[in-house]
Amino acid sequence: MKKLIIIYISFLLTPTVSFAEVTAPFGLEWGLSKRSITQRGVRLNSCENIAVGLEQCEASNLPKSVSFGETYRLIIDSERGLQKTQLFGEDIINDSYGTKGKRLYQQLKDSITAKYASSEYEHNSYEWSGRELYDESNEFYQCLNYDTSCGVWTTFVMGEGAVTIELKGLSKGKGWILLTHESRDWSDIYDNANSRKNESDFDAL
């Protein structure tokens, strides 16, 4: 199920040229503390520590939201505040050929790539299906759910930070959209959180 995705895996690559910054979505700003976020009227629920000093929370009543959003998650560093967000879209159903899912994915892709112009950001898309096992046209989502060697529908926008759009499969005729935003500091924060986790593990021995 999509709820079980490990949300702190980073897709952020180290830029090799000078890029512009990726801004936080949903009417938020990078660096906001947990307290500052709730002071804006955002409700944070089901918060849990995913590493030392790093917390993820489900969010509702955001300043801005989207019509297809089901679950919003915020990843907050104890020292540097909000650093990553994820939008889990509502299930796309009765869509064996992926028509509805591809349409929503393309709309998001057009919107994000227009906002982050190629003159200031790097754009990469990987879109294929049916390469292994689930190779029938009506097995689109089974293929996406099987393995990236069978199919993948993903767009990356890289800059000082990153945006990732993914169309994912659940079962026959059923998929969903995952939209991820990462701050320019996320890669360092994630690495530091892992280092703190390793130190904590060794201290416990």
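Me: Which pattern do the disulfides of the chain follow, with bonded cysteines counted along the chain?
Reply: This is a predicted model, in which local features need pLDDT of at least 70, side-chain atom pairs count only at pLDDT 80 or more, and totals for chains, interfaces and linings use all residues. Residues are numbered from 1 along each chain as its sequence is written, and side-chain values use heavy atoms, with hydrogens and water left out. A disulfide here is a pair of cysteine sulfur atoms within 2.5 Å, and a search of the whole structure finds two of them. Counting the bonded cysteines along the chain, the pattern is 1-2, 3-4.

Me: Which residue does a disulfide join to Cys-47?
Reply: The sulfur-to-sulfur distance in this disulfide is 2.1 Å, and the partner of Cys-47 is Cys-57. The pair links distant parts of the chain, ten residues apart, with Cys-47 in strand S1 (residues 43-51) and its partner in strand S2 (residues 54-60); strands are DSSP runs (E, at least two residues), numbered from the N terminus. The residue asked for is therefore Cys-57.

Me: Is Cys-57 buried or exposed?
Reply: Buried means under 20% relative accessible area, exposed over 50%, and partly exposed in between, with a 1.4 Å probe and protein chains only. Cys-47 has 31% and is partly exposed, whereas Cys-57, at 1%, counts as buried.

Me: Is the link of Cys-143 and Cys-150 right-handed or left-handed?
Reply: Cys-143 and Cys-150 form a disulfide with their sulfur atoms 2.1 Å apart. With -125° about the S-S bond, this link is left-handed.

Notes
Helix = DSSP H or I, 4+ residues; strand = E, 2+ residues; numbered from the N terminus.
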